[in-house]
Amino acid sequence: MRRASFAWAAAVAAVAAVAGAAAPAAAEQPGAPGTGEILSYPGQEGLIWIPDWVGDGGAVTGGAFPAGPPVTVTVGCRAGSGGAEEVRVAFTADYGDTTPVEFTVACPVGAVATGSAVVTAEQGRSFHVAVAASAPDVHWGLTVTQPDA
């Protein structure tokens, strides 16, 4: 089954309130689009691609093929001007096991670090991803991918 790839940076702004629930108390403002590319385009396997976002954010979709291979959530990040920082990621499925899949990525200064989690195809059928940055100037990128079944 073929899927269309999505590059919805605008969806992040619409979902910034979702990330606010998982964000640290100091980060109450939603983020904004960045101007670079923290993670490169994931190609045809991409369900979501956010190349660069600054501060808190997230995304929502209903895009995985539920009988297909597992879905991979990848976040890359780079610290802002305040030194080494981190992003906390919470992937929450609307179907199957709805227990959030959470992980943290340490964001270095001057380089990009990445972290990933793999979830079942059923969990990837419809979901939201919240990304909480430890500082408002942390840049991050997000991909959610599923190989064609």
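Visitor: Among contacts between residues at least 6 apart in sequence, what share join residues at least 24 apart?
Guide: This is a predicted model. In its chain, 78% of the contacts between residues at least 6 apart join residues at least 24 apart in sequence.

Visitor: What helices and strands are there in the chain?
Guide: The chain has one helix and nine strands. Read along the sequence, the pattern is α-β-β-β-β-β-β-β-β-β.

Visitor: And how much of the chain is buried?
Guide: Of the 149 residues, 48% are buried.

Visitor: Let us turn to the sheets. What is the strand order in the open sheet of five strands?
Guide: The order is β1-β2-β9-β4-β7, and the pairing is antiparallel. The edge strands are β1 and β7, the latter covering residues 113–119, and each of them pairs on one side only.

Visitor: What holds paired strands together in general?
Guide: Strands of a sheet pair through backbone hydrogen bonds, in either a parallel or an antiparallel way.

Visitor: Which strands does β2 pair with here?
Guide: Strand β1, residues 32–33, pairs with β2 in the antiparallel sense over two bridges. Ala 32 has Val 54 as its bridge partner in β2. Strand β9, residues 139–145, is joined to β2 by six bridges, also antiparallel. There, Ile 50 stands opposite Leu 142 in β9.

Visitor: Is β2 mostly covered or mostly open?
Guide: Strand β2 is mostly covered, with nine of its nine residues buried.

Visitor: How many bridges link β4 and β7?
Guide: Seven bridges link β4, residues 71–78, to β7, and the two strands are antiparallel. Val 71 has Val 119 as its bridge partner in β7.

Visitor: Now the open sheet of four strands. What is its order?
Guide: Its strands follow the order β3-β8-β5-β6, with antiparallel pairing. At the edges are β3, residues 57–61, and β6, residues 101–107, and each pairs on one side only. On average, neighbouring strands of this sheet are turned by 15 degrees against each other, direction ignored.

Visitor: How many bridges does β8 form with β5, and how many with β3?
Guide: Strand β8, residues 127–133, pairs with β5, residues 85–93, over seven bridges. Thr 92 stands opposite His 128 in β8. Five bridges join β3 to β8, and these strands also run antiparallel. In that pair, Thr 61 faces Phe 127 in β8.

Visitor: Why is β3 described as largely enclosed?
Guide: Four of the five residues of β3 are buried, so the strand is largely enclosed by the rest of the structure.

Visitor: Changing topic: how many salt bridges does a search of the whole structure find?
Guide: The search finds one salt bridge. Arg 125 forms a salt bridge with Glu 122, and their closest N and O atoms are 3.0 Å apart.

Visitor: What are the relative accessible areas of Arg 125 and Glu 122?
Guide: Arg 125 has a relative accessible area of 29%, and Glu 122 has 28%. Buried means under 20% and exposed means over 50%, so Arg 125 counts as partly exposed. By that cut-off Glu 122 is partly exposed as well.

Visitor: What about Asp 52: where is it, and is it buried or exposed?
Guide: Asp 52 is in strand β2, residues 46–54. Asp 52 is buried yet has no salt bridge. The nearest side chain of opposite charge is that of Arg 78, 5.1 Å away.

Visitor: What does its side chain reach, then?
Guide: The side chain of Asp 52 reaches the backbone nitrogen of Thr 35 at 3.2 Å. Setting aside residues up to four places away in sequence, Asp 52 touches several residues, among them Pro 33, Gly 36, His 139 and Trp 140.

Visitor: Which residues is Asp 137 in contact with?
Guide: Leaving aside neighbours within four places in sequence, Asp 137 is in contact with Val 54, Gly 80, Ser 81 and Gly 82.

Note on methods: Residues are numbered from 1 along each chain as its sequence is written. This is a predicted model: local features need pLDDT of at least 70, side-chain atom pairs count only at pLDDT 80 or more; totals for chains, interfaces and linings use all residues. Side-chain values use heavy atoms; hydrogens and water are left out. Two strands pair if DSSP finds at least two bridges between them. Axes are lines fitted to C-alpha atoms, for helices over the stretch in contact, and angles run from 0 to 180 degrees between N-to-C directions. Buried means under 20% relative accessible area, exposed over 50%, partly exposed in between (1.4 Å probe, protein chains only). Lys and Arg count as positive and Asp and Glu as negative; His and the chain ends are not counted. A salt bridge is a side-chain nitrogen of Lys or Arg within 4 Å of a carboxyl oxygen of Asp or Glu. A polar contact is a pair of N or O atoms within 3.5 Å; within protein, one must be able to donate a hydrogen and the other to accept it, and residues adjacent in sequence count only if both atoms are side-chain atoms. Contact means heavy atoms within 4.5 Å.
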